[in-house]
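Good morning, and thank you for coming. I would like to take you through some local features of the model now on the screen. Please keep the sequence beside you as I speak.

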Amino acid sequence: MTALPRRIIKETQRLMQEPVPGISAVPDESNARYFHVIVTGPEDSPFEGGLFKLELFLPEDYPMSAPKVRFITKIYHPNIDRLGRICLDILKDKWSPALQIRTVLLSIQALLSAPNPDDPLANDVAELWKVNEAEAIRNAKEWTRRYAMDN
Amino acid sequence: MSGEEFESDMEYSDDDCCYEDYYNIEEDCDAEQLDPSKTDPEYFLYECLTVEEVERLLNESVEILSNTLQITPSLAKVLLHAHEWAIQDIIVKYRGDSCKLLVMSKIKPPHPPESVASRHLRHQVCPVCVASQSSDMFSSLACGHLFCKDCWTMHFEVQITQGISTGIGCMAQECEVLAPEDFVLTLLSRPSTRDKYQQFAFRDYVKSHPQLRFCPGPNCQVVIRAKEPWAKRAICNLCRTAFCFRCGTDYHAPTDCATIKKWLTKCADDSETANYISAHTKDVSLSDVNDCPRCHICIEKNGGCNHMQCYNCKHDFCWMCLGDWKSHGSEYYECSRYKENPSIAHESVHAQAREALKKYLHYYERWENHSKSLKLEEQTLQKIKTRINKKVMNASGTWIDWQYLLDAASLLAKCRYTLQYTYPYAYYMEPGPRKELFEYQQAQLEIEIENLSWKIERAETTDRGDLQNQMDIAEKRRATLLKDFLEV
């Protein structure tokens, strides 16, 4: 395996030294491109109180290509599907090599605070979010309680 | 071929005029009638170009624009690509408000870059690779976002492997400024990547050019050029693929591009339903085998003609509706028309759905059947060639005497092709007098095509009069229908 680029080393160091509030990202012991991530559910969101596990992988051509990120913890959210895949523009066509792991995780946290049912990945969830937001939020809270607490 | 030559090709050629004057002075109206652009509804002027010819054509536009506006050819390319190669349009806009045009075309940022103090430092840190390097190792686009050259190169390489070329932009977050060709090429050193970049850029340029289309034939490099992006038939001179110039799919007159797309999508979505129903109902004949409606002997269809004659009981019937062929006489030919239930609006939702499916199947079966007939008639053409061979060997007629049969077969294919594409058109038509006229003409065309097919399959002599007559009638019906209903 080729040596780890300076950019990844720098980012990892900074993530450890000045962690983002509510987010922890720790590189895997055997693979420095694979991060174990935990995002706490933002306050005043249906995900409040939950701890959400994610995995983040930096591909060979990072930062020219976006990191690959996926929720491992089940979550009821219109932009996240059953497999934990995330619909977020900066992970796709709006990726810029100037973005960082830190900014990506911050955007994911922001997505939890502001779901966007008009650009859905999980269609059934998005549909409910649009026609009956109260029920959708109830579901999201229930899922948070069931899957994202006491583990 | 230069633009000017092309121009003169499009006009009625001046040189030819002198010739014509010599032969038919004062016969202007005759010449008028012969002008195919007025008499033939499918007439379409286009030319087939090689990659080199297209490059020359594009470069001419680039040169004109860069000379007129005093900008680099590379910037001219970005402008042309962003504005569908409309030189005059770009010049007017540039002279009106060049800054606005450059921002719109993503050459300049909407706000002028801030002069960053670090620009003047000897060393700086690249935000992408976080390495500290001397300032001459950095470059930026018009937006002023500085990155080291190695990172730019890597960025380009990754983008190009994803098939992106003219769309490569600045690496900064939310910056939309595009990297012009010269910026990319000075930083790309690997020849294979440079080649790929140029190939992809060429593809993008052709696709953004309203007068150019890639030939859709497999692995064909030809580019077709036409002045007007009409929904007319273009035929590649290299691979012979025929396609609609506007939408690039199979030629579909008299149906328009949007309708044929809708129809093909519907057929793809519903093909299972249609196949299931035709396999499980008796009155539908999408299979190649049917029973004779009179003596019930098994008959396999091995020719294109839908006028069938049972080899056992000599009963004449229509393959499509299995009705007596006598009822398919010229004036009250009804087989192509779908008779809608006039009181359907008052029926139950269930009945309406059944009716909608019935209507779709009616058109789909005929569409599919003519497509099959076209294939069977291709086989007939092979048989005709063998038959001619035999005849000539037996000294009954010469090659030249039999040529007419080949002409007849190719005309038949042309007519049946149009007939096939009348069915989607009719399916989507609103009921009314226009639809009645269309269906009348469609029926007329269909009966003459079946007559022609019948006669071709049975042509045994070099007596061509009858067949020639049938050919003229069929083609006339086809032309009439297209003239009345083909819109471009």
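I begin in chain B: in β7(B), the bridge partner of Leu49(B) is Val223(B). The two strands concerned, β1(B) and β7 (residues 223-225), pair in the antiparallel sense over three bridges; strands count as paired if DSSP finds at least two bridges between them. Helices (H or I, at least four residues) and strands (E, at least two) are DSSP runs, numbered from the N terminus.

Before I continue, a word on the basis: this is a predicted model, in which local features need pLDDT of at least 70 and side-chain atom pairs count only at pLDDT 80 or more, while totals for chains, interfaces and linings use all residues. Residues are numbered from 1 along each chain as its sequence is written, chains are lettered from A and ligands numbered from 1 in the order in which they are written, and side-chain values use heavy atoms, with hydrogens and water left out.

To return to chain B, the strands form an open sheet of three with the order β1-β7-β6 and antiparallel pairing. Its edge strands are β1 (47-49) and β6 (212-214) of chain B, each of which pairs on one side only. On average, neighbouring strands of this sheet are turned by 30 degrees against each other, direction ignored. Helix α5(B) packs on the sheet and touches β1, β6 and β7 of chain B, with its direction at about 100 degrees to that of β1(B). Contact here means heavy atoms within 4.5 Å. Axes are lines fitted to C-alpha atoms, for helices over the stretch in contact, and angles run from 0 to 180 degrees between N-to-C directions. Helix α11(B) lies across β6 and β7 of chain B and runs at about 125 degrees to β6(B).

How do these two helices meet each other? Helix α5 (residues 51-69) and helix α11 (residues 191-208) of chain B pack at an angle of about 70 degrees, with their axes 11 Å apart. That makes α5(B) roughly perpendicular to α11(B), a term that covers 65 to 115 degrees. From α5(B), Val51(B), Val54(B), Glu55(B) and Leu58(B) meet Phe202(B), Tyr205(B) and Val206(B) of α11(B).

Let us turn to the loop between β9 (242-244) and α12 (257-280) of chain B, where His252(B) is found. Is His252(B) buried or exposed? His252(B) is buried, with a relative accessible area of 1%; buried means under 20% relative accessible area, exposed over 50%, and partly exposed in between, with a 1.4 Å probe and protein chains only. The side chain of His252(B) reaches the backbone oxygen of Thr255(B) at 2.7 Å. Not counting residues up to four places away in sequence, His252(B) touches Ala231(B), Cys244(B), Cys247(B), Cys257(B), Ile260(B) and Tyr421(B).

Most residues other than glycine have a negative phi, and most peptide bonds are trans. Against that background, Pro254(B) lies in the loop between β9 and α12 of chain B, and the peptide bond from Ala253(B) to Pro254(B) is cis, with omega near 5 degrees. Gln70(B) is not a glycine, yet has a positive phi of about 55 degrees; Gln70(B) is exposed, with a relative accessible area of 67%.

I now move to chain A. Four strands form an open sheet in the order β1-β2-β3-β4 (chain A), with antiparallel pairing. The edge strands are β1 (23-27) and β4 of chain A, and each pairs on one side only. The twist averages 20 degrees from one strand to the next. Helix α1 (residues 6-17) of chain A packs on the sheet and touches β1 and β2 (34-40) of chain A, its direction making about 135 degrees with that of β1(A).

In the loop between β3 and β4 of chain A we find Pro63(A), and the peptide bond from Tyr62(A) to Pro63(A) is cis, with omega near 5 degrees.

Definitions and conventions. A polar contact is a pair of N or O atoms within 3.5 Å; within protein, one must be able to donate a hydrogen and the other to accept it, and residues adjacent in sequence count only if both atoms are side-chain atoms. Angles under 35 degrees count as roughly parallel, over 145 as roughly antiparallel, 65 to 115 as roughly perpendicular and the rest as oblique.
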